[in-house]
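Colleague: I have a new structure open and would like to learn how to read it. Can we take a few features in turn?

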Amino acid sequence: MKGIKFLIITIIFINIFTQAQSLDSLNTLIFENYSKGDYQTASVYAEKAVEKCKQDSGKLSDCYVESLNNLGVLYEALGRFNDIFPLYLEALEVIKQTGGNENQHYVITLNNLAGLYQSVGKYDDALPIYLEALNSSEKKSGKKHPEYSKCLNNLAVLYKEMGRNEDALPLFLEAMEINGKTLGKEHWEYGVNLNNLAHLNQLMGRYKEALQFSNESLSVTEKTLGKSHITYSIRLNNLAVLYRELGRNEEALPLILEALNITENTLGKEHANYGFLLNNLAFIYQAMGLYDEALETFLTALENTEKTLGKDHYEYGNRLNNLAMLYREMGRDEEALSLSLDAFGNTERALGKDHADYGVRLHNLALIYMDLDRYDESQKLFLEALPILTAALGKDHSKYGNILVSLKELYIAMNQDSLAAPLIIEANQNLIKQIKSVFSFSSEKNKREFFASLCKNFDQFQSFMLKTGGKYEDLSGMMYDDLLILKGQILNESKAMLQSVFNNPDSLVSEKYSQWIGLKRRLATQFGKPISSRKFNIDSLQNIANKLESELVMLSKDFQIVREKEAVTWKDIRGTLKDDEIAIEFSRFRYYDRKWTDSVYYVAYVVTPGCENPEMIVLFEENELLKFLRGNSPESLYNTRSLSTVAAKSSSGLNDSLYNLILKPLESVITGKKNIYFSTDGNLHQIAFAALQNTAGILMCEKHNLVQLNSTNQIIVKREQPSKEPALLAGGINFNYDKGLNTDTSGTFNFNPLSNKDKKLRSAGRRISDEWQYLEGSKNEIELINKIYREKNLSATVLSGEAATEEEIKKLDGNSPKILHLATHGFFFEDPEDKRKDGYSDNNTYAFSDDPLLRSGLVLAGANYAWKNGVNPYKKEDGILSSYEISNLNLSNTDLVVLSACETGLGDIEGSEGVYGLQRAFRMAGADYLIMSLWSVPDEETVEFMEIFYKSWLSDKTIREAFTSAQVAMSNKYRTDPDKWAAFVLVE
């Protein structure tokens with residue numbers, strides 16, 4: 001797929017020197033209309049100029065040659081290819097008679113003629129003419145002249161379209177360097193150079209460079225030609241195509257629609273450029289799953305290309321191919337096959353068998369044959385395509401990875417699993433390289449979009465492992481390593497980037513960060529208001545913030561160095577484990593067996609000391625787990641999990657227990673293990689593992705030391721225990737608001753920031769209520785903890801009543817305590833659609849937001865006013881601290897956050913990134929250790945749990961030992977009531 005032609009030929013009009021004033025006027029009108037992109041009007045004046053030159057100066061004049069060239073350039077812009085050849089050939093004949101290759105217009109005419117051959121797909125005819133033009137220009141003007149730069153650029157574009165990318169790159173770079181020095185970096189031709197380099201890097205899979213060049217080119221074009229010029233529409237299109245490849249379809253769509261509007265206004269719907277744009281619009285619709293819109297648009301694009309370029313043009317082959325692959329995706333294989341065969345023949349004739357596009361056509365045709373069970377034909381084409389794509393693009397390119405995945409599927413269909421397994425490993429390496437490449441320059445939002453476009457491949461790989469019963473042991477090691485890389489990868493990279501920014505003394509980085517965080521905080525303020533009260537365009541601010549974040553990622557050099565270090569592998573973890581330890585990575589994936597099924601499986605990958613490979617253990621299908629999770633409150637759900645009660649009534653109850661579902665399959669590997677390091681996935685994030693009992697009635701927290709991690713790669717990290725002071729304890733909060741009270745407590749306390757090297761990150765919770773009620777137990781809780789601190793001669797500060805405001809928490813930004821203990825209400829809203837059905841007021845913007853970081857948060861002093869009315873006009877901060885706002889704070893001084901609130905561990909679960917809610921927000925802000933709850937815990941028992949934990953921890957125990965002590969003590973006291981203690985989890 002090429003999309004719109006990425007080159008605007010850099011031959012510009014030549015001033016026509018003549019004595020006739022009327023010819024000067026014509027020339028001026030040609031330039032004016034060309035500059036506006038009105039090629040139709042410009043061509044009318046150009047035709048008159050040809051006749052005027054012929055009348056005034058004769059056919060053997062420079063004036064006549066120039067006018068022929070100008071008219072040819074305009075005809076090409078209008079797609080009138082058949083009318084152009086006679087013009088350029090006549091111009092060359094005149095030149096031959098008036099000085100030959102010494103004629104000043106010889107190089108320009110050669111370039112225009114070669115460009116015409118290129119436009120109609122006759123590359124072999126174009127190449128020698130471009131080479132002759134380059135040679136002649138060097139002799140005439142030297143290698144530092146803009147004319148020589150044009151010749152380099154045009155030859156490079158031809159090489160690019162011929163698939164000779166490595167030959168094109170140095171020519172593009174040389175051309176850009178020349179123009180930068182001679183014309184300046186604000187010249188429109190410099191924008192052409194940037195654009196061509198962007199497309200070349202895109203073809204080569206070098207997306208970081210492509211995005212940088214594309215944005216620079218768009219900016220130069222806007223400044224020099226304006227937003228209504230046809231060239232600007234091409235730049236918009238090119239950026240949209242790049243966004244689509246990166247999975248950023250929502251950003252691509254408005255760009256392509258704007259480009260279409262410009263093209264329609266300047267060239268009309270019958271122009272070839274309009275067809276190019278329609279083709280790319282259809283691709284975006286297809287990627288968004290809008291198949292009806294995609295089909296209609298592809299058909300219109302095909303019709304346009306047939307009319308403007310003809311059926312022999314390679315772009316017509318592109319249209320056929322694209323339509324064929326849409327038909328395949330829609331299950332219309334016979335129609336797809338017919339179109340794909342036509343596209344295949346077109347590409348072979350137009351581009352030859354060594355071109356990357358020919359390899360792609362082979363791949364696509366092979367896919368259709370595979371769908372039709374014509375395996376032998378499919379295999380032959382796949383094997384023919386592989387070396388072509390390897391030679392043209394290299395093994396790191398996404399198209400090479402795609403064909404490996406497809407060939408793997410063919411071998412599985414042919415029951416040749418032994419041939420599929422090594423292809424999975426190689427394809428997996430390709431995917432991981434793509435992710436690392438794109439993540440090196442992308443914002444968090446864009447990382448999520450790109451990963452979403454690839455994650456189905458990892459599900460396919462695990463489906464193969466499940467189907468083959470773990471027969472291929474190398475694959476289990478590969479998958480464990482993938483989980484170490486992918487789980488929380490976006491969060492970890494965002495944290496690393498921010499830490500790098502905090503440590504970077506560069507003023508440019510600091511300025512970018514200030515702009516970015518300022519925008520994020522403005523957005524947070526607007527998000528907290530009803531839609532009707534918002535003052536700014538949210539989408540516009542988000543786009544700017546997203547761009548600034550991408551720039552920060554690229555500027556964070558320390559972060560880039562960290563990323564390039566060798567990743568942790570399962571073998572590293574194996575070498576770290578002691579004999580009585582085990583590491584478990586849980587994984588959730590959708591099952592694929594030649595097509596996607598409705599089944600979602602959970603498996604566990606287990607590493608033990610001395611194992612030859614990780615072991616994959618199949619656990620259950622998600623529907624089995626959802627039987628427990630759906631339709632139950634967390635409290636009632638955990639009452640049904642009270643396995644001792646169930647077991648006493650009936651042994652058959654154990655068959656349906658969560659223990660049997662999740663841990664029974666793992667008994668053989670966890671038996672005898674003291675320390676179990678594990679990382680959850682999917683709905684397992686909602687499970688309190690400590691409360692699960694085995695068949696003997698022994699709780700997991702009694703038999704094992706359970707260490708829950710975001711990823712088991714943290715096992716090999718030497719981590720210091722969190723510092724124990726100073727602590728900030730917030731509780732006993734007055735949620736009502738009296739506008740007569742002065743709640744400004746600025747200056748009441750201050751925490752000394754540590755050095756940059758000691759800084760770290762943090763997370764959060766939920767509760768839905770019409771009005772937040774005072775929590776008497778929370779006041780007792782913080783007073784009790786404060787007493788324990790005083791007895792240990794440790795520093796702690798208390799915030800309660802009206803003083804525990806949102807302002808005070810936000811003042812911790814960059815100057816936070818080591819321990820942050822928040823005893824209050826938390827909230828988490830699930831599906832916004834459910835809330836609308838339940839009749840919640842639109843005033844509550846938190847319940848209706850699509851962003852899970854806005855649907856979760858903590859409730860602080862005075863929050864009831866805004867909670868009930870949508871906004872508090874009397875206060876800058878409304879007392880509702882969303883996860884989004886927390887994520888924008890710098891709490892990197894803080895080692896431990898304790899969220900002693902309802903359901904603070906919940907949130908939306910998003911793929912390998914885990915829980916999006918308070919938990920993620922505090923980690924973004926800086927916390928390493930988090931204590932949070934999975935459901936509502938009674939006030940009294942919460943105080944009891946926290947007292948045991950703090951007394952143990954502030955004595956001589958590690959944080960994990962203290963937490964486990966609290967769990968065991970509470971479980972002994974409330975044996976049949978796990979809902980009173982098991983909600984709390986410690987995540988490292």
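Colleague: Let's begin with two cysteines. Are cysteine 53 and cysteine 63 buried or exposed?

Modeller: Bear in mind that this is a predicted model. Buried means under 20% relative accessible area. Cysteine 53 is buried, and cysteine 63 is buried too.

Colleague: What joins cysteine 53 to cysteine 63?

Modeller: A disulfide is called when two cysteine sulfur atoms lie within 2.5 Å. Here a disulfide joins cysteine 53 to cysteine 63, with S to S at 1.9 Å. The pair links distant parts of the chain, 10 residues apart. Cysteine 53 belongs to helix H2 (residues 39–57), and cysteine 63 to helix H3 (residues 62–77). By this rule, the count is one disulfide.

Colleague: Why is the disulfide left-handed?

Modeller: Look at the torsion about the S-S bond. For cysteine 53 and cysteine 63 that torsion is about -65°, so the disulfide is left-handed.

Colleague: How do cysteine 455 and cysteine 611 read?

Modeller: Apply the cut-offs again. Cysteine 455 has 28% relative accessibility, so it counts as partly exposed. Cysteine 611 has a relative accessible area of 11%, which means it is buried.

Colleague: Now helices. At what angle do H41 and H42 pack?

Modeller: Take the angle, then the distance between the axes. Helix H41 (residues 939–953) and helix H42 (residues 959–973) pack at about 140°, and their axes are 8 Å apart. H41 is therefore oblique to H42. The crossing of H41 past H42 is right-handed.

Colleague: Which residues of H41 and H42 meet?

Modeller: From H41, the contact includes Phe945, Ile948, Phe949 and Trp953. From H42, it includes Ile959, Phe963, Met970 and Lys973. By class, the contact of H41 with H42 has 10 nonpolar, three polar and three charged residues.

Colleague: Which residues make the contact between H23 and H40?

Modeller: List each side. H23 brings Ile490, Leu491, Ser494, Lys495 and Leu498. These meet Arg920, Arg923 and Met924 in H40. The contact of H23 with H40 divides into four nonpolar, one polar and three charged residues.

Conventions. Residues numbered from 1 in each chain as written. Predicted model: local features only at pLDDT ≥ 70, side-chain atom pairs only at ≥ 80, totals over all residues. Heavy atoms only, no water. Axes fitted to C-alpha atoms, helices over the stretch in contact; angles between N-to-C directions. Helix = DSSP H or I, 4+ residues; strand = E, 2+ residues; numbered from the N terminus. Parallel < 35°, antiparallel > 145°, perpendicular 65-115°, else oblique. Left-handed = near helix turned anticlockwise from the far one by under 90°. Contact = heavy atoms within 4.5 Å. Nonpolar A, V, L, I, M, F, W, Y, C, P; charged D, E, K, R; others polar. Buried < 20%, exposed > 50% of the residue type's maximum accessible area, 1.4 Å probe, protein only.
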